[in-house]
Amino acid sequence: MISITHYCTIHNIDTSFIHALADEGLIVLTIATDGPFIEEEQLPDLESYTRWHYEMGVNTEGIDVIRHLLGRVRDMQQEMHNLRMRLRLYEDGD
């Protein structure tokens with residue numbers, strides 16, 4: 001678990017951004033007695049969202065759209081890979 005306060009201090013950002021991401025359903029916060037935390041496996045996504053927001057000026061709604069589109073691209077890439085593998089089976093069978 002990673003403390004949101006610690007993450008925000010390291011990245012010099014406001015905690016309200018993290019809470020806005022949680023409100024949009026982009027990350028899941030775990031509330032403990034010593035503050036909000038995120039699971040370590042969410043860290044790569046959170047770092048991407050932070051860069052998109054602070055370096056490129058993308059708002060939380062835009063982050064959600066980008067995340068969705070990147071997921072669709074990954075799915076289509078996987079589907080293309082699978083189709084290529086199936087095609088190879090047919091080509092090798094001749």
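How many helices and how many strands does the protein chain have? The protein chain has four helices and three strands, where helices (H or I, at least four residues) and strands (E, at least two) are DSSP runs numbered from the N terminus. Read from the N terminus, the order of these elements is β-α-α-β-β-α-α.

This is a predicted model, in which local features need pLDDT of at least 70 and side-chain atom pairs count only at pLDDT 80 or more, whereas totals for chains, interfaces and linings use all residues. Residues are numbered from 1 along each chain as its sequence is written, and side-chain values use heavy atoms, with hydrogens and water left out.

**Overall form**

The radius of gyration of the protein chain is 19 Å, while a compact globule of 94 residues would have one near 12 Å; the value is taken over C-alpha atoms, and the globule rule is 2.2 Å times the number of residues to the power 0.38. Along the principal axes, the C-alpha atoms fill a box of roughly 65 × 30 × 20 Å. Of the 94 residues, 29% count as buried, a term that means under 20% relative accessible area, with exposed meaning over 50% and partly exposed lying in between (1.4 Å probe, protein chains only).

**The nonpolar core**

The largest nonpolar core has 17 residues, and those with the most contacts inside it are Ile-18, Leu-21, Ile-27, Tyr-49 and Ile-63. Such a core is a set of buried Ala, Val, Leu, Ile, Met, Phe, Trp, Tyr and Cys residues joined through side-chain atoms within 4.5 Å. At least two residues of this core come from each of α1 (4–11), α2 (15–23) and α3 (43–56). Leaving out residues up to four places away in sequence, Leu-21 touches Leu-26, Ile-27, Leu-46, Tyr-49, Thr-60 and Ile-63, contact being defined as heavy atoms within 4.5 Å.

| Residue | Relative accessibility | Class |
|---|---|---|
| Gln-42 | 14% | buried |
| Asn-12 | 71% | exposed |

Gln-42 is found in the loop between β3 (35–38) and α3, and it counts as buried because its relative accessibility is 14%. When its neighbours within four places in sequence are set aside, Gln-42 is in contact with Ile-27 and Val-28.

Asn-12, by contrast, counts as exposed and is found in the loop between α1 and α2. Although Asn-12 is not a glycine, its phi is positive, at about 55 degrees. Most residues other than glycine have a negative phi.
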